[in-house]
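Please look over the model shown below before reading the numbered points. They treat pockets, strands and helices in turn.

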Amino acid sequence: MSRKEPIIAIDGPVGAGKSVAARELARELGYSYLNTGAMYRAVAIAARDAAINPDAPNVAERLASILKTIKIKFDGEKLFLNGRDVSAKINEPEVGDLASRFSALGAVRERMRELQRAAGADGRVVMEGRDIGTAIFPDAEFKFFLVADVKTRARRRYEELRKKGQSITEDEVLAQLIERDRRDSGRELAPLKRADDAIEIDSTKLSIDAVVAAMKAKINPRINAAKGLKRA
């Protein structure tokens, strides 16, 4: 491994199980966990609060001051934006849609890339998102790409939102996911795609425990081998 401690990159579309699997994997390995998608949602909330439209002709100019001063902090399951707890707001469907649209802007991606690379610079982190293995840490020691049938993903996302009190139908969630997939995969900057050296895991029929076990089966032998070489 090229670092003292490895980076584990987990990418994939909404509803493939990235967040839950990444959190559990980080817990079992004793690593830090970073949800980069939540960071883009924080930007979306800041922009929405400032009444900034992602389609406005002067959007980059209006976002400049926000991006320069933005402070995003994780505390366990909570996310703080400029000192304010926005953990509940990031799950709003509107915020997810805005995050996808703002994430297509070069200024947003550049600033988030800076923050994400700084957060993972020392390794020993499980980082999940859509472009971790391709744009943020293309040299990550471990790369996984989670996929699942779109209807399965919609059902999972619907259940997640319903438990959090969101008023939405499963059909609406499905339509949103199809549009998000189209937008995220088709954007020019860091599109959603599997890195050539990423291991693809189809979670459609797998439990989270099975997904985590599949990843650990690839990770542990290399980590243990590296530790053995250091001791030698």
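**Note on pockets, strands and helices**

1. The lining of the second largest pocket comprises eight nonpolar, two polar and no charged residues. In this scheme Ala, Val, Leu, Ile, Met, Phe, Trp, Tyr, Cys and Pro count as nonpolar, Asp, Glu, Lys and Arg as charged, and the others, Gly among them, as polar. The model is a predicted one, in which local features need pLDDT of at least 70 and side-chain atom pairs count only at pLDDT 80 or more, while totals for chains, interfaces and linings use all residues. Residues are numbered from 1 along each chain as its sequence is written, and side-chain values use heavy atoms, with hydrogens and water left out.

2. The volume of the second largest pocket is about 210 Å³. A pocket is found on a 1 Å grid over the protein atoms alone, as an open set of points where a 1.4 Å probe fits, with protein on both sides within 12 Å along at least five of seven lines; lining residues have an atom within 4 Å of a point. Grid points are joined across faces, edges and corners, and a volume is the space filled by probe spheres set on the points.

3. Which residues line the second largest pocket? They are S32, Y33, L34, M39, I72, F74, L115, A119, G123 and V125. Two or more lining residues come from each of β2 (32-35), β3 (72-75) and α5, and β2 gives the most, with three. Such helices (H or I, at least four residues) and strands (E, at least two) are DSSP runs, numbered from the N terminus.

4. The largest pocket has a volume of about 1000 Å³. It has 42 lining residues, of which S19, R23, N35, E128 and E160 are the closest to its centre. The lining divides into 17 charged, 13 polar and twelve nonpolar residues. Helix α2 (residues 36-49) contributes the most to this lining, with five residues.

5. E160 belongs to helix α7 (residues 150-163). With a relative accessibility of 32%, E160 counts as partly exposed; buried means under 20% relative accessible area, exposed over 50%, and partly exposed in between (1.4 Å probe, protein chains only). The C-alpha atoms of E160 and L189 are separated by 29 Å, and the two residues are 29 residues apart along the chain.

6. Is strand β7 (residues 142-147) mostly covered or uncovered? It is mostly covered, as six of its six residues are buried. F142, F144 and L146 lie on one side and K143, F145 and V147 on the other, and both faces are covered. Strand β1 (residues 7-11) runs parallel to β7 and is joined to it by four bridges, with I8 opposite F142. Strand β8 (residues 199-202) also pairs with β7 in the parallel sense, over four bridges, and here F145 stands opposite E200. Two strands pair if DSSP finds at least two bridges between them.

7. Helix α5 (residues 106-120) has 15 residues and should span 21 Å at 1.5 Å a residue, which agrees with the 21 Å between its end C-alpha atoms. The expected span is 1.5 Å times one less than the number of residues. The buried residues of α5 are V108, R109, R111, M112, Q116 and G120. Seen down the helix axis, these buried residues fall within an arc of 165°, so they line one face of α5; the arc is that of the directions from the axis to the C-beta atoms.

8. A64 is placed in helix α3 (residues 59-69), and its 44% relative accessibility makes it partly exposed. The C-alpha atoms of A64 and R111 are 9.9 Å apart, although 47 residues separate them along the chain.
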